[in-house]
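Open the model in your viewer and switch to a cartoon view.

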Amino acid sequence: MDYMLCIPSIHAEYQEKEIVIDFDGHIRQKSDTFPQDKEEMLIKWVKLHEKEIIENHYRVNHTHELLTIEPLDI
C-alpha cells in the first residue's frame with residue numbers, strides 16, 4: 001500500500017513540475033526543479049485556507065461538490 005495515498009493532500013502542477021502538499025502545509029513529494037517561490041506561495045495558501053480545504057475534501061468525498069477557495073492576493 002502506498003502510504004502517500006492515505007494522507008489527504010493537494011497535488012499541484014507548474015510548468016510540468018509537480019508538488020504534493022498535505023493539508024498542514026508539509027511537502028510530501030515534489031519535482032526536483034519545482035520553483036521555490038511557487039512552493040512557498042502554495043504552502044502559504046494552504047495554511048491560510050486550511051479549514052476550507054478540509055471542508056472541500058469532506059464535501060467532494062460525500063457530495064461530489066467543491067466550493068471555490070479564493071486565490072492568494074499577491
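Start with β1 and strand β2, residues 17–22: the two pair in the antiparallel sense over six bridges. Strands here are DSSP runs of E with at least two residues, helices are runs of H or I with at least four, and both are numbered from the N terminus. Two strands count as paired if DSSP finds at least two bridges between them. Strands of a sheet pair through backbone hydrogen bonds, either parallel or antiparallel.

A word on the model before you go on. It is predicted, so local features need pLDDT of at least 70 and side-chain atom pairs count only at pLDDT 80 or more, while totals for chains, interfaces and linings use all residues. Residues are numbered from 1 along each chain as its sequence is written, and side-chain values use heavy atoms, with hydrogens and water left out.

**One bridge up close.** Select Ile10. Which residue is its bridge partner in β2? Ile21 is the partner.

**On to β3.** β2 also pairs with β3, again in the antiparallel sense, over three bridges. Now follow the chain from β2 to β3. The two form a hairpin with four residues between them. Stop at Gly25 in the turn, where phi is positive, about 90°.

Select the three strands together. They form an open sheet in the order β1-β2-β3, with antiparallel pairing. The edge strands are β1 (9–14) and β3 (27–30), each pairing on one side only. From one strand to the next, the twist averages 15°.

**The helix across it.** Select residues 36–48. This is helix α1, which lies across β1, β2 and β3 and runs at about 30° to β2. Axes are lines fitted to C-alpha atoms, for helices over the stretch in contact (heavy atoms within 4.5 Å). Angles run from 0 to 180 degrees between N-to-C directions.

**Zoom out.** From the N terminus on, its elements run β-β-β-α-α. The C-alpha atoms fill a box of roughly 40 × 35 × 20 Å, taken along the principal axes. How much of the chain is buried? Buried residues (under 20% relative accessible area, 1.4 Å probe, protein chains only) make up 26% of the 74 residues. Of the contacts with a separation of 6 or more, 27% come from residues 24 or more positions apart.

Definitions and conventions. Buried means under 20% relative accessible area, exposed over 50%, partly exposed in between (1.4 Å probe, protein chains only).
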